[in-house]
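Hi,

Here is the structure I promised to pass on. Please open it first, then read my notes below.

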Amino acid sequence: MMAEIPTTLRATRAGEALRAVDGLERRLDGEHLPRRPEWDCRTCAQRGTPWPCEPARAALTKAYGENRSGLAMYVGGLLVLAIAEMPTASTADLYERFVAWTR
Ligand SMILES: [Zn+2]
């Protein structure tokens, strides 16, 4: 799966974000993956459920186990991409949604 990266992202951050997205399918077992660039869940019954939904958070938490900082860094990479793809959303809100729950 090739993902598009907005050209405004610096190359290093873009690479990080791309690797993070590529790793999602394995980490989430192919379920509760985000639809981009809307970043809503493809699996949750309620359309427009913001990603990461509760099942996605649970699966990511399980994938990282004790490694909470690794989890935070991982979703931080996704946050970079989400900010670029949802330019009208508040960065603070996106941080809360993508990263703050990992604490
Ligand atoms: Zn979901």
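**The core and its helices**

The largest nonpolar core has 14 residues, and A17, V75, L78 and L81 have the most contacts inside it. A nonpolar core is a set of buried Ala, Val, Leu, Ile, Met, Phe, Trp, Tyr and Cys residues joined through C-beta atoms within 7 Å. Buried means that 20 or more other C-beta atoms lie within 10 Å of a residue's own; exposed means 12 or fewer, and partly exposed is in between, with C-beta atoms placed from the backbone. The elements giving two or more residues to this core are α1, α2 and α3 (68-85). Helices (H or I, at least four residues) and strands (E, at least two) are DSSP runs, numbered from the N terminus. The largest share of the core is seven residues, from α3.

Look at α3 next. In α3, L71, Y74, V75, L78, V80, L81 and A82 are buried. An α-helix has 3.6 residues a turn, so residues three or four places apart point the same way. α3 has 18 residues and reaches 26 Å from its first C-alpha to its last. That is close to the 26 Å expected at 1.5 Å a residue; the expected span is 1.5 Å times one less than the number of residues.

Residues are numbered from 1 along each chain as its sequence is written. pLDDT is the predictor's confidence in each residue, from 0 to 100. The protein's mean pLDDT is 89, and 88% of its residues reach 70 or more. Confidence is lowest in α1, at a mean of 80, and highest in β2, at 98. Where pLDDT is low, the predicted coordinates should not be read in detail.

Two peptide bonds to check are cis. One runs from R36 to P37, with omega near 5°. P37 sits in the loop between β1 (34-35) and β2 (40-41). The other joins W51 and P52, with omega about 0°. P52 is in the loop between β2 and α2 (54-64).

Now check phi. H32 is not a glycine, yet its phi is positive, about 55°. H32 lies in the loop between α1 (11-27) and β1. Is H32 buried or exposed? H32 is buried, because 22 other C-beta atoms lie within 10 Å. W39, also a residue other than glycine, has a positive phi near 55°. W39 is in the loop between β1 and β2. W39 counts as partly exposed because it has 19 C-beta neighbours inside 10 Å.

Best wishes

Terms used
This is a predicted model: local features need pLDDT of at least 70, side-chain atom pairs count only at pLDDT 80 or more; totals for chains, interfaces and linings use all residues.
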